[in-house]
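Hi everyone, thanks for coming.

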Amino acid sequence: MQATDLELIPASAPLTSQQRAWMNGYVAGLLAGKIVGAPAAAKPELGSLVFLFGSQTGSSEGLAKRFAKKAGTMGFAANCLALDDYARIDVATQKRIAVITSTYGDGEMPDNASAFWAFLQSGDAAHWGQVEYSVLALGDSNYAQFCGAGRLIDARLAELGARRVMDRVECDVDYDEPAGAWFEGLVGKFGGAESTSDALEERVEALWSKSNPFPATLKSVRCLNADGSAKNTRHVEISLGDSGLEYEVGDALGVLPTNCPDLVREVLNAAGLNGTEEVAAPDGQQMPVVNALLTKFDLKPFVGSLPEPGTVAEALVAGLKKLQPRLYSISSSPKAHPGEVHLTVGVVRYQLGDRMVNGACSTFLAERVTGDQPVPVFVHRSPGFRLPENPDMPVIMVGPGTGIAPFRAFLEERHATGATGKNWLFFGDQKSDTDFLYQEELAEFQRVGVLTRLSTAFSRDQAEKVYVQDRMREDAAELWQWIAQGAHFYVCGDASRMAKDVDAALHEIVANQGGMESAAEFVARMKKEKRYQRDVY
């Protein structure tokens, strides 16, 4: 029997008929040795090429690893490291550097790039003037300091005398195409060419992805706040069906929403359009403008001001960005809930003048998915936010509000795996009577001994507001004991204030309780050892 006659991929596999047919042919070809450009042993005849990434949520790290792998198939001696591992590079022999970095908050360095940035400011960095480099900067144009970290690193390397082989490329949230073009341009500068085998391999690996999300089923939604709360937080359970999607605790789920129909109706009415007018979607597809506004474009510009009357359909969508998926920290362990993924969603709704503004994705999940309507999802890997490999290690988790999401998953995972390490959770919100998210579950984790300590901070239960960082300071001595015992420290939630305040409290505790002359060095070492990890937004 010919290899191509075999049904190598079973009918039960989570693939469309076209995907299954393609996979059968591809795998059969591999077995028969007939795939053109099939992977062979890498021959680094093109020399060294080091990809350095600065990553907060995993996007830059994912790109760097993917590009390093591709470069390896082209004939480069490719390596991939976090920016803070710069000391492992001998720039005398590894001169070609590709920097891929996101920006944390509004213009700050990601956690695993801060030590590299400090190094670049020192006199010790002079020898980096001999490198040849290019920078790929990831950012979000909604922030004033768009791609700030990448711009700073690019400028500093140039100041040191390093040779920029290709201009910096700056990517907004939709980064796949410009990032791919940057990579092709970079390897072209060094004599590389894209391999057919790698293109095939990428197609195999990315069956369900940001560009091809899985149509999942919404299983249930329940409110986590009691009556009288000023907040609206939902626990969302999604069935992954036969998708084959897998995730680890610490990962995020990407959700591609449909825009709020009320806002779309307002926009069309203000423009004087009936919705049937044809426009081009971001992918070039022609469709009625109502469909394009519902599913293809980001409508943020219309939240503040509606279009002028008489606006033609093409002008209405001109300049609008592509609708992007939203990332939510996963709040479940796959060991506790096989085939499902849970989210903790804060519903966004606020008054703006005489109009009510609804968060596109939060209200989509909480209220607007009905019947058999699919929820397009994909798994966003977060390799920089993982439980310790040693199950005996203590874990400290700081997650106020919806920041509790990954720590519910952590506790479920530690319980399911029988991990013996101690677990301490700092949780806070507005009022204990109405906003104690997952209170019964946390009590059960305490009863069975999984949750060793629970410290709560409800800011409006008393006249003076109390936050999680205040509880940290109150328990500073014991907190330091846990850290001295090797505890891993995690933070999830608001980046603009909470994460900074918690970081400041941690530095104080290290300095005061640990007697450290340089708390900053100790905390930096914790980050380098992956004992201090943050999932902040």
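A quick definition before we start: a residue is called buried when its relative accessible area is under 20%. Cys260 comes out at 9% relative accessibility, so Cys260 counts as buried. Cys171 is at 1%, so Cys171 is buried as well. Please keep in mind that this is a predicted model.

While we are on cysteines, how many disulfides are there? The count is zero. For Cys171, the nearest cysteine sulfur belongs to Cys147 and is 6.8 Å away, whereas a disulfide needs the two sulfurs within 2.5 Å.

Now to the aromatic rings. The whole structure holds 21 aromatic pairs. One of them is Tyr86 with Phe119, a stacked pair with 4.3 Å between centres and 20° between planes. Tyr86 sits in the loop between β2 and β3, while Phe119 belongs to helix α3, 33 residues apart. Both Tyr86 and Phe119 are buried.

Helix α3 also carries Phe116, which pairs with Trp128 from the loop between α3 and β4. Elsewhere, ring pairs join Phe51, Phe67, Trp182 and Phe183 into a cluster.

The charged end of Lys210 lies over the ring of Tyr175, 4.6 Å from its centre, and that of Lys422 lies over the ring of Trp482, at 4.3 Å.

Last stop, the surface: Val348, Tyr350 and Leu352 make a nonpolar patch of about 240 Å². Leu352 is in strand β14 and, at 35% relative accessibility, counts as partly exposed.

Technical notes: Residues numbered from 1 in each chain as written. Predicted model: local features only at pLDDT ≥ 70, side-chain atom pairs only at ≥ 80, totals over all residues. Heavy atoms only, no water. Buried < 20%, exposed > 50% of the residue type's maximum accessible area, 1.4 Å probe, protein only. Patch = residues over 30% accessible without salt bridge, like charges linked within 9 Å, V, L, I, M, F, W, Y side chains within 5 Å. Areas by Shrake-Rupley, 256 points an atom, 1.4 Å probe, with all protein chains shown as cover. Salt bridge = Lys/Arg side-chain N within 4 Å of Asp/Glu carboxyl O. Helix = DSSP H or I, 4+ residues; strand = E, 2+ residues; numbered from the N terminus. Phe/Tyr/Trp six-rings, centres within 6.5 Å; stacked < 30°, edge-to-face > 60°. Lys NZ or Arg CZ within 6 Å of the ring centre and 35° of its normal.
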